Amino acid sequence: MSENFADRLLAAIRRKGTPTCVGIDPEYQRLPADIADHQEMNDATDTEASLDAVLEFSRRVIRIVAPLVPAVKINIAFFERYYGEGVDGYFDLVQEAAEHDLIVIGDVKRADIGHSSAAYAEAHLADPAFANLEDRVAPDAVTVNPYFGLDAIKPFLQVARAEQKGVFALVQTSNETWHELQGLKLETGLSVSERVATLVNAWASEPGMIGNGGFSVLGAVVSPRDPESTVTLRAMLPHSFFLVPGYGTQGRDAAAIAPCFKSDGTGALVTASRSVIYAYEDMKYIERFTSEWEACIEQACRDFIADLGKAIPHA
């Protein structure tokens, strides 16, 4: 059996000794002064100047965290706002992260009716087939929205199986109003999130999907809400890696996240974005490193790893 994405993710986690992922969600207004005030990048009203600043910051964050974590998650929304050049910049960052031996997750949340999803899968997950783009790589995995059903997800799964890549389907999200839809109870007694989990598990268990480590190329985005529901979702998705948002700024701590893991400490990759990449705004790091913003980010990343490690003793 060829190595699938989940096998590669497991191996990367073992190499780094931590199931952590840093999210790259750059906002120009929050960039450190030595980037935002640079004479060639200090114009928030100019797409080229502000994009250059955002990309410079993102590249430096990637280089800081690359020795520490196995993966980064790059949110395309923060680059699409700069139009075509922003999308080019996003793929440049994917390449940068890949060259630093990181697992790269494209946070794109795509899905549509079948033929449109096939185009999305080619654009966001498949390595380019165009001769003039032969040196460009796509992410190792992407996030998708399963609410269109299997026909929308299938093109992504086909690319994932063919190219040893991965897919993370949204099951339970970290936003404040998640419960307005995902928390609704169906006649079966399941919540909408739990019903989606049953579908994702069925798709994840199809022939050719599960690798040597017991995990599928199809994972699930699961933000923990309470221990009971998190344990339930973990049991409902035995072959899916959880991509776990919500740590830090969004209020989840390591103890809340612990039930996302299996008893052997595998099965989840925990993401932290703002609490790490904007650590230079946090007084506890400012007092320690003053104006050394890169040192703040590195220490916040180390603290994230240590904090999660205490709650996940086998990870």
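Tutor: A pocket here is an open set of grid points where a 1.4 Å probe fits, with protein on both sides within 12 Å along at least five of seven lines. The model under discussion is predicted.

Student: Which residues lie nearest the centre of the largest pocket, and which elements give two or more residues to its lining?

Tutor: The lining of the largest pocket has 25 residues, and nearest the centre lie K73, D107, S174, P245 and Q250. The elements that give two or more residues to this lining are strand 2 (71-75), strand 3 (103-110), strand 7 (242-244) and strand 8 (268-272).

Student: How many residues in the lining of the largest pocket are charged?

Tutor: The lining divides by class into 8 nonpolar and 11 polar residues, with a further group that is charged. The charged residues number 6.

Student: Which element gives the largest share of the lining of the second largest pocket?

Tutor: The second largest pocket holds about 280 Å³ of space. It is lined by 16 residues, with G248, S275, D282, K284 and Y285 closest to its centre. Helix 11 (274-277), helix 12 (283-289) and helix 13 (293-311) each give two or more residues to the lining. The largest share, 4 residues, comes from helix 13.

Student: What does helix 8 reach from its first C-alpha to its last?

Tutor: Helix 8 covers residues 192-204, which is 13 residues. At 1.5 Å a residue, 18 Å is expected, and the helix comes close to that. Its reach is 18 Å.

Student: Which elements do the buried residues of helix 8 pack against?

Tutor: The buried residues of helix 8 are V192, S193, E194, V196, A197, V200, N201, W203 and A204. They pack against helix 7 (150-163), strand 5 (166-172), strand 6 (218-222) and helix 9 (227-236).

Student: Is I312 buried or exposed?

Tutor: I312 is found in the segment after helix 13. Buried means under 20% relative accessible area. The relative accessibility of I312 is 4%, so I312 counts as buried.

Student: Which residues is I312 in contact with, leaving aside its neighbours within four places in sequence?

Tutor: I312 and K262 are 50 residues apart in sequence, yet their C-alpha atoms are 9.7 Å apart in space. With the neighbours within four places left aside, the contacts of I312 are A258, F261 and G265.

Definitions and conventions:
Residues are numbered from 1 along each chain as its sequence is written. This is a predicted model: local features need pLDDT of at least 70, side-chain atom pairs count only at pLDDT 80 or more; totals for chains, interfaces and linings use all residues. Side-chain values use heavy atoms; hydrogens and water are left out. On a 1 Å grid over the protein atoms alone, a cavity is a set of points where a 1.4 Å probe fits but cannot get out, and a pocket is an open set with protein on both sides within 12 Å along at least five of seven lines; lining residues have an atom within 4 Å of a point. Ala, Val, Leu, Ile, Met, Phe, Trp, Tyr, Cys and Pro count as nonpolar, Asp, Glu, Lys and Arg as charged, and the others, Gly among them, as polar. Grid points are joined across faces, edges and corners, and a volume is the space filled by probe spheres set on the points. The expected span of a helix is 1.5 Å times one less than its number of residues. Buried means under 20% relative accessible area, exposed over 50%, partly exposed in between (1.4 Å probe, protein chains only). Contact means heavy atoms within 4.5 Å.
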